Amino acid sequence: MVTASTLYAIAQQPPTPTRVRGTVAGVDGDTLAVKSRSGEDVKLHMAGNIVVLGLTKIALSDVKVGSFIGTTTVPGPDGVPKAVEVHVFPENMRGTGEGSRPWDLKPNSSMTNATVAQSVVSNDGHTLLVKYKDGEKKVAVSPDTPIVTYVAGDKSELKAGARIIAFMKKLPDGSLETDRVSVGRDGITPPM
């Protein structure tokens with residue numbers, strides 16, 4: 001009975017987040033201090049092999065058939081998922097996180113990383129058909145949807161005021177570590 005109640009208590013604990021979105025508050029050695037969007041102060045140890053990527057704005061016309069993209073979507077009123085953002089991966093990141101899964105950007109959002117199979121412009125807007133290993137999805141993209149791509153970056157971009165999304169894991173001692181941070185350039189807030 002004690003074992004069952006302990007397992008129940010563990011199961012009821014909220015999951016450790018795997019990413020933090022926010023603004024860099026400062027850097028002290030290998031510690032990145034972030035003020036999250038929701039107001040929490042988060043300290044991240046930067047792994048020795050950290051990858052920093054810049055995010056720059058591009059046009060929807062830069063998203064071509066064959067591009068490998070990620071898109072956060074929410075259910076649309078007509079049943080077609082509506083893109084909240086689209087990010088184009090460089091060729092060396094093709095296949096990153098391929099598939100579709102729940103995402104924590106907005107309520108009922110999902111993240112789909114897939115290859116653009118078709119791009120259709122109509123009177124109703126722009127629709128992308130994306131295909132991934134286990135399926136496909138049509139995505140409606142409006143003219144105001146943020147479209148970004150990744151470019152090479154470095155740790156010097158992680159300075160106070162930079163807007164980021166950091167992917168993290170909890171270490172055995174309870175601290176948090178990141179080995180991948182995307183930083184917005186030219187005033188961009190990472191939209192994913």
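Here is the tour, with a note on the model before the stops. This is a predicted model, where local features need pLDDT of at least 70 and side-chain atom pairs count only at pLDDT 80 or more, while totals for chains, interfaces and linings use all residues. Residues are numbered from 1 along each chain as its sequence is written, and side-chain values use heavy atoms, with hydrogens and water left out.

**Stop one: the core.** Select V20, L32, L44, L158, I164 and V181, which have the most contacts inside the largest nonpolar core, a group of 17 residues. Such a core is a set of buried Ala, Val, Leu, Ile, Met, Phe, Trp, Tyr and Cys residues joined through side-chain atoms within 4.5 Å; buried means under 20% relative accessible area, exposed over 50%, partly exposed in between (1.4 Å probe, protein chains only). Now colour β3 (41-57), which gives the most to this core, with five residues. Strands here are DSSP runs (E, at least two residues), numbered from the N terminus.

Next, show β8 (125-132) and β9 (135-141), antiparallel strands joined by seven bridges; strands pair if DSSP finds at least two bridges between them.

**Stop three: salt bridges.** Finally, pick R185 and E157, whose side chains meet in a salt bridge at 2.8 Å, N to O (the cut-off is a side-chain nitrogen of Lys or Arg within 4 Å of a carboxyl oxygen of Asp or Glu). The two lie 28 residues apart in the chain. R185 is partly exposed at 25%, while E157 is buried at 17%.

Technical notes: Helix = DSSP H or I, 4+ residues; strand = E, 2+ residues; numbered from the N terminus.
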